[in-house]
Amino acid sequence: MFKVGSKLFLGLSGFASFNLVAYIIFVERLAIGGVALSMVLAALVGLTAIVMLINEGDSESQPRDNALTGASLWPLMTVVGLMLLVLGLVVAQIYFVLGIVVVLAALAEWLVQAWSESASDDPAHNESARQRLLHPIEFPVIATLGLGVVIFSFSRVMLAISKSAGAVVFMVVASLVLLAGSWFALRPALKGALVSAICVVGAVGIVAGGIAGAGVGLRTDLAEAAEEGHYLHRECGVEKSKYFDKKAMKTLSLRSNVTAIIELRNGRLSAVMVGFGEPQQRVTASRANPVTFIFRNFDEAERRMVASLGSAMAAGAAAPETTEGDSHAEKNETCTQLIPQGAEQALTVKYDKPSVAQDAPLTLTVPGVAGQAIEVFVP
Amino acid sequence: MMKSRRLALRALAATGAAAFLGSCATNAPQDTWQPKGPNAKMIDDLQQPVFAVAGIIGIIVAAAVGFAIWRYKDRGQPIPEQTHGKPALEITLTVIPALILAVVGVFTFRVIFDLARTDDTQLVINVTGQQWWWEYDYPVQNEWGITQPIISSGQLVMPVGTKVLLRETSRDVIHSYWIPALNGKRDAVPGRVHTLRLEADAPGIYAGQCTEFCGLSHANMRMEAVALSNEDFAKWVAGQQAAYQPPAEGTLAKEGESVFLNQCVRCHQVEGLKRADGTLAIAAPDENVWSGAAPNLTKLMSRNTFAGAMFNLLRDACRDDVWRADSAEFGAKYLAGVDETCLNVNDLRAWLRNAPEVKPMYANPALLADTNGKYRGMPNLGLSESDIDKLVAYLLTLK
Ligand SMILES: [Cu+2]
């Protein structure tokens, strides 16, 4: 009655019940862990029932000649992973995480290899069984890693050389890849070794370029801009930065569902909001919550939108852009960049205090456009 | 062998029967198969035929698998020869499911797009989720008599037969708004505004529940949508906008007001409430609560539930009276709100005595390092019983 399969599952079920009881007694009654263990137990009992019902897995294994199994890389890799684990405990978390990945990957490979080597008497069949199981995982992972290295190296090159040189390098590399690819495709008879050699030379070239690029560092203007903090920096007055970036709109994930779209059209401001048929003059902004507005400029002049944040300490820009000592920080307002006609930009604001706590209404205005303001109501 | 097999079959049958009987519960206010409005009806009309088709296919597949398991189970026979590739069969077996899915897909997409419409909205309500309750605010909409914003929590009040659009967002983690009788779920995500259509056919209360795991009291983050006739909704709006009435001098409620000013106003706003020096009392939940908000209590007794609709403000008998009222009487009964005779004093007192004890919350003052000393939920304020008497008397005036 009890053969291999049912014995395995019966044993596992027994082990799970033991754990469940021990957990309830020693750890905690009726906690999430107990629920989880009960579920595991239920699943195992179900599997046991099925196995007993259909005899699956109960066939006795036939004697096999297992003397000739091949060498294996995986014990070594497991040890490397274990060493990374220990190193991670001492040095830095990243090694620990890396260690976990390596150990898991090596164990999985090892397990599958060991299993496949005793699958049948035919080593060729065993190898193909192993490949069938692992290739669908191995190939994409290796390809992703390889591509990642190439892309990262190439990006280091692009950041190091000047903008125009970058364009040239990009075109040259792309054409080389296209040429090589077409050649391989047109000459199927080409020797495999030749193809791989060319690919390896190309990849090594790019990686070497990347290492060199990383050594050189950012090109001057990028380095200066980074130092100036212009990616984070926003002016409510005249632009001082040489690297003012009109296109830094930050609207990628925001544009699909903002609190309101504020439009400047023919010198008039209005708020377009989902659900409201007509443009509004007043918007409700959730308190203590980042709310996003999009400002659209249909005026000919370059314009920016300014959000008043109310009496001092009553609100803060959600974005950490407002650097200390800025005049607009003292005036308690924040704003978009200047944008030309037809452009738009997002502004994220967080109002911590309700409108009733403010001395004056909270507003969205555009400097240079008189008499127009959208009132922001904060419940 | 026979014995274990019979046992397994019996267990299977028992589980099946339990599941089947469970689906027949009579009092199931959150039953998705009982749509009470056009949006939910749309989903149901799609779901029924798809379920039938999928069910039949499911049974066929399960039966085929069962047959194969049984018919070819291990009886010691040799492993059959393995073959590869049978294009005609493979193509057929790919094309048929693809066709079925394509047909289902056409209808599904139509419903998805219909449910996403926002151009026919008649009333907009902002909904903000936070650990572990929902806040509603009604932006100014003069056509509904809403001339100043209304802020409420727990119970969403809406006019019947009206295309209501919820603009959802969240103050802390992702929550999900779901009133099964009125529409499907929609996640409330911090920093984003997601819309959800609601429309109820008849006056009544429709129960719902947060359906995105959001922490300790996720299971206690409930909500109710209350549909009122247009006239009753107008009355509700007027009631919500009525000015604050301070309790009369010398009453217990008046003493409660000063306890409230001392203990509660740092988190809870009561619109129009003034301090002893005549200035408006402005709550600062952003300084005390992690998500930056606490329920607005201005009209607390106009709702039937509190603390994320986990507790009833009405005693069971009074609550049943409202829930079971027929459409014609429902509005008047709901608008009556909560008075002293109907107040569920026990739960309210327990809440004031020690809120984290009755609703799990992160409110242990010693464990607030992760949240800069701010609470997630309402803390135990260590109030005396006499303070609680006063507060209950005061809260009863907030209507
Ligand atoms: Cu939630």
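**View 1. Cys199 of chain A in the predicted model.** Cys199(A) has a relative accessible area of 45% and is partly exposed. The model shown here and in the other views is predicted.

**View 2. The disulfide between Cys318(B) and Cys342(B)**. A search of the whole structure, over all chains, finds 1 disulfide. The sulfur atoms of Cys318(B) and Cys342(B) lie 2.0 Å apart. The torsion about the S-S bond is about -85°, so the disulfide is left-handed. Cys318(B) counts as buried at 18% relative accessibility, and Cys342(B) counts as buried at 17%.

**View 3. Cys264(B) and the closest cysteine sulfur**. The closest cysteine sulfur to that of Cys264(B) belongs to Cys267(B), at 8.6 Å, which is too far for a bond. Disulfides are assigned to cysteine sulfur atoms within 2.5 Å. Cys264(B) is buried, its relative accessible area being 11%.

**View 4. The open sheet β4-β10-β9 of chain B**. The sheet has 3 strands and mixed pairing. Its edge strands, β4 and β9 of chain B, each pair on one side only. On average, neighbouring strands are turned by 20° against each other, direction ignored.

**View 5. Strand β10(B) and its bridge partners in β4(B) and β9(B)**. Strand β4 (residues 155–159) of chain B pairs with β10(B) in the parallel sense over 5 bridges. Strand β9 (residues 204–209) of chain B runs antiparallel to β10(B) and is joined to it by 6 bridges. Ala225(B) in β10(B) stands opposite Leu156(B) and also opposite Tyr206(B). Glu224(B) in β10(B) is the bridge partner of Gln155(B). Of the 7 residues of β10(B) (residues 222–228), 6 are buried, so the strand is largely enclosed by the rest of the structure.

**View 6. Helices α4(B) and α8(B) on the sheet**. Helix α4 (residues 230–241) of chain B lies across β4 and β10 of chain B and runs at about 130° to β4(B). Helix α8(B) packs on the sheet and touches β4, β9 and β10 of chain B. The direction of α8(B) makes about 120° with that of β10(B).

Conventions:
Residues are numbered from 1 along each chain as its sequence is written. Chains are lettered from A and ligands numbered from 1 in the order in which they are written. This is a predicted model: local features need pLDDT of at least 70, side-chain atom pairs count only at pLDDT 80 or more; totals for chains, interfaces and linings use all residues. Side-chain values use heavy atoms; hydrogens and water are left out. Buried means under 20% relative accessible area, exposed over 50%, partly exposed in between (1.4 Å probe, protein chains only). Helices (H or I, at least four residues) and strands (E, at least two) are DSSP runs, numbered from the N terminus. Two strands pair if DSSP finds at least two bridges between them. Axes are lines fitted to C-alpha atoms, for helices over the stretch in contact, and angles run from 0 to 180 degrees between N-to-C directions. Contact means heavy atoms within 4.5 Å.
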